[in-house]
Each structure stands twice: as structure tokens, then as C-alpha cells.
Amino acid sequence: MKLLTLNFLTCAIKACKSSPASFPLHPRDVELEIVESDINLPFLKNILPRLMWAELRTIAAELGLPELPETAPTRDHLVEGKEEAKEGEEVDEVPSQTARDLHRVLLETTVKEGKLVCGNCAHEYKVMEGVPNFLLPGHLV
Amino acid sequence: MLPTPSTSHVCFDRVYEPAEDSFLLLDTLSSTSEAAFLLERFAKAQSAPPLVLEVGVGSGVVLAFAAANAGRIFGHQDVLTLGTDINSFACKAAAQTIRTAITEHEQNTSISLDVVNGDLASCILPNSVDVFIFNPPYVPAELPDFARHGDYNGLPDGQKKTTFEQDSYLLELSYAGGEDGMVVMNRMLEQIPEILDAGRGVAYVLLCAQNKPEEVKQRIREWSPGWRAETVGSSGKQAGWEKLQVVRIWKEEA
């Protein structure tokens, strides 16, 4: 399971949805696996407004990954030399280190085994062979 | 016609095999009229990639198709796909179908998130889904006995193969819809207003004639002012009745 997926998941228990503590889910006792993929700069730029940055930082910190910057990068931060470029100057779109780091965290770092824990009700969802299981006993009656 | 994604790796003994209903969803999503509606909705100045969620992905053929043809359908080369299924074997099979379909399209830069094992969209963050797709278990037939789910949702302890009973159970989950074939769909309809993006979210659900589609659409229109439900694709006309239809559900500013 990619870490970016956690940007869209919450506790499956209905009563938790109204509690801010139910998002994000917290990875615990996890085995991470790096699955390399080609960096996709246009995608990284476009996904920025959808990222819950503070929550993503929390997850990265909990997993012991390198610390993410306090504020979300801008589109220009993701292109090498773009910030220094003069107005109107064309820069070849080379991904910056920030872009490569973001790609690594969002799309290449995957949870292979472990648990996802709700911060509100403490329910633990198992992740097995990369697939999280959100089925609750209550769903199955 | 856009190509149908390959599902040759999927074991159809325990995962729903793409059938007329799946193909109706593919045809509807790629029809001229739906593509025009979706382009209008998503290709605007907004650049954030749409999140496409399918519940009950089965083999993954529909979600893979949406991802692989994202440019044509949504006016975005990059969409995010997320799937759920109650059957863990389907989750794994579908993830592979989607990955393969995306890699085969060279210009395509869609990102396949994951296919998670869950009940409908219960684990999806509210207000996050741009395009929702659901091909439900719609056959009026008794629901399977979920008490066995925990045992049947993975390989039996120490075994490498599933049992015949297990496979039958898993396939039943994919088609049996209880009374009027609507028991699972009704639970899903309750979640739709909550998971859809309040501004641009749109849902596509499949219904069969026995589901009483006219009544279903009327109920949706009564959720609250602004909700719309219209048939946008159909197949298998029998004596003037559409056997299967795809209903688009969306909200217009009231």
C-alpha cells in the first residue's frame, strides 16, 4: 500500500468519521518496502493541492522517514532551478531533490505488512501482503 | 472503440468475470455524451488529478479502463484510481489489471493507488471522491452467509488452494443482492453523498430491471435539493424494458 493512499482513507467505523482524530490512520509495527517507479513530475505538481500536508508529515515522522518540510512545496520547488529563474525564462523541467523526495515518500514507499490504527477509537486494521483489510465484524452480520 | 484491459491473469473461479454489465460501464464511460459531460466537469482550469473510486472492483476491468483512457474520458492524463472489494482475492487481481493497463499506455501518467479489502466505501475519506463507479451485486437472490467471511476471505490455513465451497461463496458475494437485488445498493447509496466531492463529484451505478430503476432514481432526486439521477447508458432491451442501465448521480447547485 502506497503512503499516498493514506491521504484518502479513514477509519471504517461510522461513529469515528466526525472526529478529526480518525484521520490520518497511523501506521504501526510496519514492514516497509520500496517499490521503485519512474518519477512523474507533472503528476507531482498537480497532486500538491490535494495533499493533506500536516497529516502526511505526521505519517512520515511516525515511520521514521526523513523529515518533510514544515510547509508543502510549491510547483516551482519541484523543478530544479525554477525558483532562481528570471521571470519568463524557460527552464528545462528537471525534477528537484524536493520532487524526488516527494516521489519516494508518496509513491515508492509502501506498507507491506503491519497495522493501521485509528487515532479516535484505536481500532487496528491489518495490512497483509500490501493489502489493508478494513472489514469489521459489524459489516459481516 | 477503446481496448478492453486484459484480465487474463485473473482466476474467475473466485473473482467475478467481466460480463455484459462490466462492458456496459466501459461503453457508457467512453460514450460521446458522457465523455463530453466529464470533460466539461474535470478538464477545466482546475489541475488537481481527479480521484476515481470503484467499489467492488472484481477483476478491475472497469477501473483499469478508466485509468488507461483517462485522457479521453476525463481530459486528464493523470487520474488517481482507488478500489475496494470485499473479496481479498479480487483486490490482488484487480491491482494487477490496473497496473498492467496503465503501463501499456505510454503517454498515460495515471497513478494506481491501491485496491483495499473493505465493505463498500466505509474506509474512504468523506468528500474526497471525484468519480465513483459501482457495479453492485444486483441479482434478486438471498445474500450469502457472512459468518463464513473471515474463513473464506483468504487461503485456508496451511493450504495453497481455495475450496469449492469457498469459491462459490466468493462468487455469490459478487452477484447476490438480496430483496429486489437492492440490499447492497441501498447501503451504498447512503454513503454516496458523504464520499463525493461536494463540488465536482459524480457517481455511476449499474441497475438491472428488477431493481426498479425508476423508483431508485426518484429516491435519489429526493435526497436534498440539487441531486440529479439520470439513465446515461443501457443495454439488452427486452419487450421495451432495458435489462441493464447505468445511472449517473450528481448534484447541481441548487
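Predicted model: local features only at pLDDT ≥ 70, side-chain atom pairs only at ≥ 80, totals over all residues.

Chain A has 141 residues, and chain B has 254.

**Chain A at a glance**
- Picture the C-alpha atoms of chain A in a box of roughly 60 × 30 × 25 Å along the principal axes.
- Buried residues make up 48% of the chain, and the accessible surface is about 7,300 Å², with 50% of that belonging to carbon and sulfur atoms.
- Take the contacts in chain A with a separation of 6 or more: 64% of them link residues 24 or more positions apart.
- Chain A carries 15 positive and 23 negative side chains, and the centres of those two sets sit 8 Å apart.

**Chain B at a glance**
- Chain B has nine helices and seven strands.
- Among contacts in chain B with a separation of 6 or more, 79% are between residues 24 or more positions apart.
- There are 20 positive and 34 negative charges in chain B, and their mean positions are 3 Å apart.

**Helix α3 of chain A and what covers it**
- Look for helix α3 at residues 97-108 of chain A; its buried residues are A:A99, A:L102, A:H103, A:V105, A:L106, A:L107 and A:E108.
- The cover over those buried residues includes β1 (26-34), α1 (41-47), α2 (53-62) and β2 from chain A, along with β3 (111-117) from chain B.

**A:T110, in a strand**
- You'll find A:T110 in strand β2, residues 109-117 of chain A.
- A:T110 counts as buried because its relative accessibility is 10%, under the 20% cut-off.
- Setting aside neighbours within four places in sequence, A:T110 is in contact with A:M1, A:K2, A:E31, A:L32, A:E33 and A:V35.

**B:I124, in a loop**
- B:I124 sits in the loop between β3 and β4 (131-134) of chain B, and at 0% relative accessibility it counts as buried.
- Beyond its neighbours within four places in sequence, B:I124 is in contact with residues from chain A, namely A:F8, A:L9, A:T10 and A:K17, and with B:L53, B:L82, B:T84, B:V129 and B:I195.
- From B:I124 to B:A64 is 60 residues in sequence and 19 Å in space, C-alpha to C-alpha.

**Cysteines**
- How many disulfides are there over all chains? The count is zero.
- A:C121 is in no disulfide: the nearest cysteine sulfur, in A:C16, is 3.7 Å away, and a disulfide needs the sulfurs within 2.5 Å.
- With 33% relative accessibility, A:C121 counts as partly exposed.
- For B:C123, the closest cysteine sulfur is in A:C11 at 9.6 Å, too far for a bond.
- B:C123 counts as buried, at 0% relative accessibility.

Terms used: Residues numbered from 1 in each chain as written. Chains lettered and ligands numbered in written order. Heavy atoms only, no water. Helix = DSSP H or I, 4+ residues; strand = E, 2+ residues; numbered from the N terminus. Buried < 20%, exposed > 50% of the residue type's maximum accessible area, 1.4 Å probe, protein only. Contact = heavy atoms within 4.5 Å. Lys, Arg positive; Asp, Glu negative; His and termini not counted. Charge placed at Lys NZ, Arg CZ, Asp CG, Glu CD. Areas by Shrake-Rupley, 256 points an atom, 1.4 Å probe, with all protein chains shown as cover.
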